[in-house]
Every structure is written in structure tokens, then in C-alpha cells.
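Subject: Structure handover

Hi,

Here is the structure I promised you. Please open it first, then read my notes below.

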Number of protein chains: 2
Amino acid sequence: MSKLVRSAMPLFAAATMLATSALAAPPGTRPDIRIAEGPAFSMASIPAYKGDHKDIYAYIDAHKAEDVANLQRWVRQPSVSAQNIGIKEMAALAAADLKKIGFKEAEVVPTSGHPGVWGYYDAGAAKTLAVYMMLDVQPVEEKDWQVKPFDGALVDHPLGKVLMARGATNTKGPERAFLNAVEAIIATRGKLPVNLMILAECEEELGSIHYPELIAKYADRLKTAAGSIYPGGGQSPADGAVAMQLGNKGVLYIELEAKGSATGGGPQKAEIHSSWKATTDAPAWRLAQALATLTTADGNTILVPGYYDSIRQPNAEERSLFNGTLPGWTKREVNTRKSFAIDHWYDKMDARASLTRYLFDTTLNIDGLSSGYDGPGMKTILPHRAFAKLDSRLVPDQTPEESLRLIKAHLVAKGFSDIEVRQLSGYPPSQTSVSAPLVQAVLATYNKYGLPVDVSPRSGGSRPSYVFTKTLGIPDVTLAIGHGADAHAPNEYLLIDPKPGSKVFGLSAMEKFYVDTLYALAATK
Amino acid sequence: MSKLVRSAMPLFAAATMLATSALAAPPGTRPDIRIAEGPAFSMASIPAYKGDHKDIYAYIDAHKAEDVANLQRWVRQPSVSAQNIGIKEMAALAAADLKKIGFKEAEVVPTSGHPGVWGYYDAGAAKTLAVYMMLDVQPVEEKDWQVKPFDGALVDHPLGKVLMARGATNTKGPERAFLNAVEAIIATRGKLPVNLMILAECEEELGSIHYPELIAKYADRLKTAAGSIYPGGGQSPADGAVAMQLGNKGVLYIELEAKGSATGGGPQKAEIHSSWKATTDAPAWRLAQALATLTTADGNTILVPGYYDSIRQPNAEERSLFNGTLPGWTKREVNTRKSFAIDHWYDKMDARASLTRYLFDTTLNIDGLSSGYDGPGMKTILPHRAFAKLDSRLVPDQTPEESLRLIKAHLVAKGFSDIEVRQLSGYPPSQTSVSAPLVQAVLATYNKYGLPVDVSPRSGGSRPSYVFTKTLGIPDVTLAIGHGADAHAPNEYLLIDPKPGSKVFGLSAMEKFYVDTLYALAATK
């Protein structure tokens, strides 16, 4: 139901639940998003970047060992934001590197949470580019890894020699590779073709809670940038395809807690002997029951009333991008499933359906469940507390505020007012147009290398790029060259030396690509 | 519906779901158990035990310090069966104690799991008594304790000086107190008035999986016993009341696992980035959804079809015992709730209703939930596995086999055949008649001390006493003197020195009671 129709209703009718629900879609009704075949964005419409920078490429080839060592230094410094492990040290290390490279300003910037890092490189150039970086990583379960996750080991992999470590691909590896490229340009040419404003955070894996603080501090200067880039992401090993994701989903991250209370019953102080279940309310059951009301039995459709209502239909550019990227996804999706050991997407969706959901659907995911005893064998207790961590990925025009409100209202309506809902993070989706000069320059560079490029309206993941596109109003692009995998999982890696005949770039090729990108950007009108 | 009616149906009709479910009670329908006021068992019907053993009491008073030290030795030896911590050492310690006390046979007995301990004391007496002991304890969460749980600390408590340690009341404390009494008799009188067969296990907290093996090994000798006693349980601090529980519920302990699979979808190898929820089945949702089908929204009524069907109505003895014990429960239940920090029983049940459920109702309890990330802050993952541990307490005539079958069939019928159900333990309920001479002798001893006694048909908890009442066919009684609390919880304790005016026995009084009990038993016909 459109907001126009709703606001045209007499207020007294709109205010009654019955009248509203009679007009609104039933809970669990997704907007019917079906994109017909039609105009498809094509890379053929973009002329290839012609620049060639042999002197810089030669420098990169000659300094391979130092460049690998730089990545190892970065991943060997643990920086687990969720557990506050090594964050300060990582920020100091990054700031020191910037200073050494030649950034006039290079400083650790305190926030209300973990610090960030600001760096300004003054090339005296006409154009300025903002660079987003994240210096933190996900927690690790060391026992699941084949190497120690912070050893920075070089490992033989079917694709070639890889750097296997937490942060190798998400995202300290590509970020330090970008700085290697910057170093190579300065060493060869004396200075960069653009000015750089690097603003790094150490809380991406916590939902970038304080990145807006960092942005606010430098907003006046950042607004002068032609756009913002993020050296992350990677190529598909099957065909070398790169993904140009022009935005990302937003996120709402919440924690649900059921506990013994005066209203909910149950023990309030500690677990009790499980024989008392005969007479006693159990928070763990309340949590399971509350969770179950949130989705259909298969866990794939959200039953919170109104949750899908603010999702808008894809616009013309998004439809064109969808049709342009579908063939690439159709080729990649089997390998993607294989890499996750997933037999089939839910409902056995085909490539078109799964891509539609990946790009245009919201999600509600359980990141963690915990209550009572989870050790080996048995413990017969009635736990007094039970927790679930959930994240919801948000698409236009969802907002974290509205999504949270709907979930809370639904739980209350279903009789679960005893369940506490705490927001841990939330920010809106973000989008950049494919027509932005920044985007066109990056695409031109991909074309120079003849790479298959999937230009997609957004990633299914989240990062706080809304601060660039919404707060600062500048375009924002992720560079997606090179190959890594298992971000957020054990044995995360970044490919350093591909085997001969490989379709994907290794470290040195990534760096040359970054060099080209900076010159291509400098040349835009 | 009775089994007679069902078996009288034509086979073809009984075999169809529709015909069966048309006759069976709808899922979630408990047997309507309402016990009217009527004949009530009264302790006044039992003459008090007249024996007086001043010489032995004096010995106990004189050896208080050694007796406390014996309890401390036992609780200082960790014996966490679920984590295999200190089990061997505890068994060896107990066997050595028996040998030292004068048991002719005293040995650690291997089983397919943790070992047991057998001890035989030959008094040349006409009567033999079997003694059940458990030497294992629940796991601990040390951070929740006010003292180290295996330090055997003596702590000042509102009730007096207590031994605060894991196992203090459940049940190494009372067991070693019983052995103190045995030592006192032998030291004073030269020998016991009865022969003793002690058979201890180290797996009670694991569901006594291998106790039947131990029983089988000594069955021929144990069958000659007049009955079996278990020195466990305790008095209410409010009025000194003791609970004589003439049996216990059985138990079914299961683990549910949802995981990525070819049939269920979802990642099979490791957690994946949560953005893929847009296209991917999630085991954690499947677990939550499967759990939710098992109970009503409040978590207090089991919706597994047939689950309540085999529960029989209380018989005449049980009704009389219920009416006899209700006044005591009515006095105690507020304090019980207070000790657990529970505001009210579920459905705000009164004393009569809560006692009915505690004694005659089955349960389904969540002991633990686990999936994905449960640390501080956020991790955005889609976990590939999710677990729930559940226990169900069983009343006559439920069996663990049938209960497990019904749960499995229900999950399959609800479309959750992707959920794996593993049984970790299971045994039937057990019951002893109040008219057994063993029971009468113990009740007579309580009457000697003028204690309020609640004689109840069973405990809401479980222990493997079916091996005595069903396998061996001998009566079985728990001795419930002294006071402890927080079994299975932090700060478990046993009262050693009550404050003046206390209604409950301390350690020496417990030991004197055990002395009387053994002589009272020896005197039964």
C-alpha cells in the first residue's frame, strides 16, 4: 500500500488496527519484484582506459617481497573490534604507515568507541579522492583454522599461493595493497595524480557505530572530494569477473533477551534445577516461541506486519543493471554455492530468482543463539536467561528505525512484551549511480584489462557508505580486483601468486590496477 | 483414550491418522488430574522409633572436626562427570574410605562409561541394606560463585555455618555424613546392626547411563537386601519439614541439531556471511521453528500429539499422599519461589495446582541453546549448525522410548525431518509404596524427632531408582535430613552448624539420625 493512499484516509480510520490491516498486505507478503528481460547495462558502452604506466608497474614488480611483507604486517596485528583485541595497535600501525608513505596529515582519531585513522596526502592536484578503509576484523574460532589466524601464513592453495589470515581479504589485505600502489607511484613519479583523504574506522564489524562521528569531524573537507573509493571485494576464480556493487544494503542488528521477570515469570537470579519446569515459566521457551513468530517455518519469509511495506520497486537503472549482471551471476552462482557447501538456494531458486532476492530483498538472520548449558553431555537446568542475536539487511526505502519499531510492535502484539529487544547497530542502505564520473572511470579501468564486469545496484552486505552518499552527497565505489574468500569464516585468504593461466589477479596485478584507477580518476572531467 | 479401546478398533481404522486422531485427545490436552479433598496420609499413623544410642551420639559430638574434614575432602575432589574432571580420583577416594571404615569389599568397578564403587560391609546381621550413592557433580560456572566451587569453604550464611561447594548438598556431603555415622557406630559398638551393600555411580548427572551395568553385576546379592536407601535431599529451613519422596520421575534427555544439509539447505561446512540469508536456508531458524512446535506460546504445555496420553490418573495411595503433603507444600511454596527468585508459578498456579503439576505432570524443558556467535558485540554470520538440549521428566506410565518416538514423529509430521534428534539419556519413573517396612522404619525415625514430614509419591527430579524398584524389585527410600540448597546452581551449600533456634539439622544431628535409621531398619520384621 502506498503512503499516499494511507495518508488520504481519514485519520480516525487510519488509526484503527482493523482498518489499516484490511488495506495493508498480509504479513509475509513481499513486494512482487519480477524484472522482465529488457534493457541491460553493458560494459561495451564504456571506453577502455588507455593509460599505461610501465615505470610504476616495473617498480611494483621489483618490490614484490616488500609488498607481501606489508600485508603480513597488517594481518599479523590482530584487530578484533568485537573483543577489543589489538585495535589501538592497528590504528597506530596504519597511521605510522601513512606518515611514512608521505601523507602530510596522518593521525589516530579518537571517537566515543574505537578510534579511527585520518590521512591527507596533498598532491597539489585539482582532484581529491576520499578513501574508506576498515581496520578491524571479525572474531576467530582458532580451532577451526588450518593455520593460526594471525600468523600471516603463506599457504599453497588450489588457486596458487595465498595469504591465509583473518583480515587477508576483509579487508586489510586489499587496503594495504592499495597503499603499496600509492607508494609505488610516489617512488616513481614523485607524487600522486590526485589528493587523497583516507578515513579509516576500527568498528566496521561492530556496525560502524561511530563512523558518522569521524565523518562529521572532516565533513567540510570530504565534501570537496570527487568521490570515495573502498579497496575491497574481489574477482570470481571461475572467469576473473569483478563485481562493481554500486551500493549496499543497510543493516539493523538487534539482540533479543528473554529472562525471568515479574511479568514473564521464570527464575530471575540464576538457573534452577530443570525438574521445576513442571511449575515454572522458562525464558528459553519464550525466546524460541518469540523467534518463531518472526518468520515462516522455513525461516525465509519475515512475518512481522509491515516489514516489506517500505521496499520500493527497482527503478529503471536498477532494472537495467540487474539484466546486465544476471548472465554473470548465472555463471557464478554454482561456484558460490560450492564455496559455501550449500546444496541449493532456499526454495531451490534459480539464478534469476536468487539474484532478485539478493539485490532487492530484506533479510532477518539469526547470528547467534545462547542459553543455559552448551557443553558436552548433559546438564539438567532451567536457564534464567536466553539470548538471540539477529541482523536484518535493509533495502531502499527501509530504515533501521522503522524496522526496529515494527519488530518491537509485532512482539508486543504477539504477547511477547517480556522479550527485551536491544539495538546494537543500524544504518540505512546506500546507492551511487552508474553514471557518476567516478564510477565511469573505474569501469573504464576494468575495460582496459578486458575483465568481465558485473555492475550491480548493490551488495547484499552492509557498510556505512551512506555517510558518503547521503551525509556528504558524493559518489562511492568499491574496487573489486584480486581474489579472496571466507571473510567472516575460518581460513580466510587473499590470493598473492595465482597459478599460471589463472583468471584472477594476484597482489602485484591488483596494485597495478589501483595505479591505473588513480590516473583514470584524475583524468575525469 | 485407553489402550483397550484402541486395540478393539478394526486394524484398518486404527492405522489411519484421521480415525486415530478423531478419538485421541487433541495435542496439548493434559489428563484432567484434580485430586479432591479426601483421605490424607498422616504421620500420626506411624509410631515413633524409640531407640536411643547415647554412646554413639557422644562419639559423633566428640568427632565433629574430623567429620567436617571428611566432607571437605569429598567436595574438594572435583568430580564433574559431564567434563570428565576428577572422576577416577573421586571413585578411588570413596573406595579407599570404605576400606578404611571396615568394608570387607571396597573396589572401583569399571563400566562402559565412568566407573562405579562397590562396598560390602558384613555385620553378620540378619538384614542387609543396599545404599545408593552418586559421586559425580554438575559442571560449574566459577565466575558466578562467591567462593571457589571446589575449595570446600566454610561460609557464614543467614542459616549458620555452611559448607559451600559443588557437591555439598548434591550429594557428596550427605553421603559422606552417612559414612561418618557408620564410622561412629563401628567405633562405639564394634559393628553395624545391618549388613551394607553400597553401590555408587559417577554418572548421575549424565543420566545414570551405565548404572544398570553396575546393578547387573551385583544383582544376585542386591536382591537379598531389604531395600535401598539414598542419603540425599534435605529439610525446609522454614519449619524443619522433611520430604519423603517415595519415587521419582523418569527422564528423557535429547539433543536437537539443525544443520546445513542436502535436504534442509543451508551451509554444510562452516558459517557464512549473513548477507547470504537473502538466498540461503538457515539452520538456526529451523531449530527455533522446530522448537516452537513442541509447546504452546508460553512454553508450558507440550503440543506433541499423544505426549500426555500414557499418563495415568493418580491411584488411591497417591491421592492420599497428595492430600497429606499439600498442607506442607502450601507453607513451603512461597519460600521455594523466593529461593529461586521466581515471582509466581506459571499461570499463577496456587499451591494445590502447582503441587499437582509437580507430582503428576510431565515436562519438556530447554536446558541449553547454542548456535553461531554468543560473544560480546556483533558478528554477522549465518551459522551452519544450531543445537538445543532438552529434558523431559516422565511420570507413570510414560516411558522414554515412547516419549522419544512421539517427539520424533511430531517433528517429521510438522515438516522438520531435517532436524536430528539424539537421545543422551532415558529411564522410566520409579515408585515405592508407603506401606513398605523400609519406608515405615524411616518414617518412624522422623517421628522420633517430631519433624513435620511431607510424604510425597515422588520427586519432580530423576534418579535411576527404577533399577531398585523395577530391576531388583526392592523398596527404595531417600533420606532427607539436614539442609542444603542450590544444587545445580552457583553457591551450592550444606548447613553444618545451624544458628540457635534453627529448625533444621546440622551435620552432627544428620549423623545421629542416620544412626537411628540403621537401628530402626534392623528392627523391622
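Across the interface of chain B and chain A, the rule finds zero salt bridges. A salt bridge here is a side-chain nitrogen of Lys or Arg within 4 Å of a carboxyl oxygen of Asp or Glu.

This is a predicted model: local features need pLDDT of at least 70, side-chain atom pairs count only at pLDDT 80 or more, and totals for chains, interfaces and linings use all residues. Residues are numbered from 1 along each chain as its sequence is written, chains are lettered from A and ligands numbered from 1 in the order written, and side-chain values use heavy atoms, without hydrogens and water.

The interface: 91 residues of chain B are in contact (heavy atoms within 4.5 Å) with 91 residues of chain A. The two chains bury about 8,000 Å² between them, 58% of it on carbon and sulfur atoms. That buried area is the accessible area (1.4 Å probe) lost when two parts are put together, summed over both.

Strands (DSSP runs of E, at least two residues, numbered from the N terminus) also link the chains. Strand 12 (residues 365-372) of chain A runs antiparallel to strand 12 of chain B, with five bridges joining them. Two strands pair if DSSP finds at least two bridges between them. One bridge partner is B:G372, which faces A:G368.

Now chain A. Six strands form an open sheet there, in the order 1-2-6-3-7-18, with mixed pairing. Its edge strands are strand 1 (105-109) and strand 18 (476-479) of chain A.

Best wishes

How values were computed. Helices (H or I, at least four residues) and strands (E, at least two) are DSSP runs, numbered from the N terminus.
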